[in-house]
Amino acid sequence: MPQNSTADRQPSSDADVCVVGSGVAGALVAYTLSRRGHDVVILEAGQRFDPGNRLEQMEQSLRPHGSLLDIWNMGGPRDQYVTSGGAYYPLNQTRVKAVGGTTLHWLGITPRLHQKDFEMNTRYGLATDWPIDYEDLSPYYAAAEQEMGVAGAQDNPFAPPRETDYPMEAFPASYSDTLFADACDELGITMHSTPQARNSEAYDGRSQCVGFSTCIPVCPSGAKYSADVHVRKAEAEGARVIDRAPVQRIEHDSSGESVDAAVYATPSGDTYRQDADAFVLACGAVETPRLLLLSESPQYPDGLANSSGAVGRYFMDQPIVSVTGELEQPANQEPIGYHTRESHQFYDHDDPQPGSIKLVFENVNPESVVRPMLSGGDLMPRENVFDFAMGDSWGDEVLEKIESNYPNNSVRLLANPELLPRRENRVTLDESKTDDFGNPVPDVSWNIGSHARETMEFIREIQYDIFDELGATVVSETDLADPPPASHKMGTTRMGTDPEESVVTPRLRTHDLENLYIASSSVFVTGGAMNPTLTIAALALKAGEHIDNAL
């Protein structure tokens, strides 16, 4: 149930900074600024979940009809969207609107972008260079790893340079990783540990990972980092959170040079204006451009901060290429819900094609026995319509059925290919469909493009080579014509030095408005093939530093 239903949701007086969104970007910006003495208010569209209820949420997710949308109160009129690109984009598949954002149920993988990701045009004549380079962001990467708590090891020969060790030691290789290692050794493929914001030991007041294997949809122990950690730290420094307060629009002054207020609604039906000296949009690569487009005015008829026409443009997300196989032996003797080994051997390259690849050695947990157990061992549930004639199974008989029908012998390879930014990939408003406040919903247009498709073909060859060496029989694979997205949403308010081509400066301030900043994956210029969360966190720390200096 929603928390704080009777909470005071009136605006804060004399706020220095208003942060819109409380995912990893908003939480880190709020914490950075509040601990430096600034009066910060966070406006969050979703509710606050009690961490004490996560065990109950995990149990709910294991039930036959448990769903991520139900656990995190997603879906319905508030979260409607449309998708109009060449590939269907399931926006609500993974996002969470709540205090802590999507990190409430993410997998926790935290690699850094490589140096080449910031220099794609200079190196290959592709896309656009970032206005900052890896060296500029490196100290913020290190700080983000410390803040979140990242477990890792310096065993990756393909990783970009780093100045510090990881805060925690890496997780040991899983049993299935050791099987992959033998095959990869024969093929000359190097495996290495996976950096992840998950406690391999007690860290920052949170426990060591205890292996529930339910990282998605919920970590009940709190060993995996989620952004509500830094929301609470910000509150301890004096910040205030107003939850269930979706911002409807951003209003600027008469000159159109600075923002006056964020207008938000509340469950009671009231609408308020939150004033502040500075404003930070931290609501992701879909809701950030949507809010700017909803905030059109006579000075900004195409949307706020959109004099470049780039708001909503260059949306990116990497496709997932996977292959699942079966062995004639157990593959995951000690099931865990996250992967521990990857290979970045195919990431950096001299030629523009194929693009970068992040190869993942997945730990495939045995199929859950919860459903057949709850249905009396009935492996094809019929809602008991025919049970009077066919009966259910119990005791030893159901155990035998489960063991024979749910073998622990599956292996899987995943990979993310690099997807280049394309101007036609974008987030716009669909005026024909509205949310619960009557606002047009986002329309996400996602097309994969030839660069990523050629890279996907190369990935499939690598995966088949490994499976052949492993002796695995392929039982399923991603349809390369219609792959699912990794839910790594990036682009739409890109960073740059040219105000005619970009939305924010290298200091994360919008070109058009002197007190409006964006801390989000939406400022990415390119996305590489890496998970984006650590880069989001690093940029949020960078934005917080720049805002502090400006104030």
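Select Lys233 and Tyr31. In this predicted model, lysine 233 lies over the face of tyrosine 31, at 6.0 Å from the ring centre.

Now pick Arg494 and Tyr314. Here the charged end of arginine 494 sits over the ring of tyrosine 314, 3.7 Å from its centre.

**Ring pairs**

Next, show the aromatic side chains. A search of the whole structure finds eleven aromatic pairs. Start with Trp130 and Phe524. What is the angle between the planes of these two rings? The planes stand at 50 degrees and the ring centres are 5.5 Å apart, so the pair is tilted.

Follow the chain from each partner. Tryptophan 130 belongs to the loop between α4 (120-124) and α5 (134-148). Phenylalanine 524 belongs to the loop between β19 (516-518) and α13 (533-550). The two residues are 394 residues apart, so this pair links distant parts of the chain.

Are the two partners buried or exposed? Tryptophan 130 has a relative accessible area of 5%, under the 20% cut-off for burial, so tryptophan 130 is buried. Phenylalanine 524, at 1% relative accessibility, is also buried.

Leaving aside residues up to four places away in sequence, tryptophan 130 touches Leu113, Asp117, Phe118, Met495, Phe524, Val525, Thr526, Thr535 and Leu539.

**Helix α6 and its phenylalanine**

Jump to Phe180 and Phe361. Their rings form another tilted pair, 5.2 Å centre to centre, with 55 degrees between the planes. Phenylalanine 180 is in helix α6 (residues 175-187) and phenylalanine 361 in strand β14 (residues 357-362), so the pair ties together parts 181 residues apart in sequence. Phenylalanine 180 is buried, at 0% relative accessibility. Phenylalanine 361 is buried too, with a relative accessible area of 0%.

Colour α6 by burial. Ser176, Asp177, Leu179, Phe180, Ala183 and Cys184 are buried in this helix. In an α-helix there are 3.6 residues a turn, so residues three or four places apart point the same way. Then show what surrounds the buried residues of α6: they pack against β13 (341-343), β14, β15 (410-417) and α12 (449-470). Step just past the helix to glycine 188, which takes a positive phi of about 75 degrees.

**The nonpolar cores**

Zoom out. The largest nonpolar core has 123 residues. Which residues have the most contacts inside this core? They are Val19, Val29, Trp130, Phe180, Ile466, Met495 and Leu516.

**Last stop: Thr288**

Select Thr288, in helix α8 (residues 284-294). At 0% relative accessibility, threonine 288 is buried. Where does its side chain reach? The threonine 288 side chain reaches the backbone oxygen of glycine 284, at 2.8 Å. Now show the neighbours. Not counting residues up to four places away in sequence, threonine 288 touches Leu281, Ala282, Cys283, Thr493, Ile518, Ser520 and Ser522.

Key: Residues numbered from 1 in each chain as written. Predicted model: local features only at pLDDT ≥ 70, side-chain atom pairs only at ≥ 80, totals over all residues. Heavy atoms only, no water. Phe/Tyr/Trp six-rings, centres within 6.5 Å; stacked < 30°, edge-to-face > 60°. Helix = DSSP H or I, 4+ residues; strand = E, 2+ residues; numbered from the N terminus. Buried < 20%, exposed > 50% of the residue type's maximum accessible area, 1.4 Å probe, protein only. Lys NZ or Arg CZ within 6 Å of the ring centre and 35° of its normal. Contact = heavy atoms within 4.5 Å. Core = buried A, V, L, I, M, F, W, Y, C linked by side-chain atoms within 4.5 Å. Polar contact = N/O pair within 3.5 Å; in protein donor to acceptor, adjacent residues only side chain to side chain.
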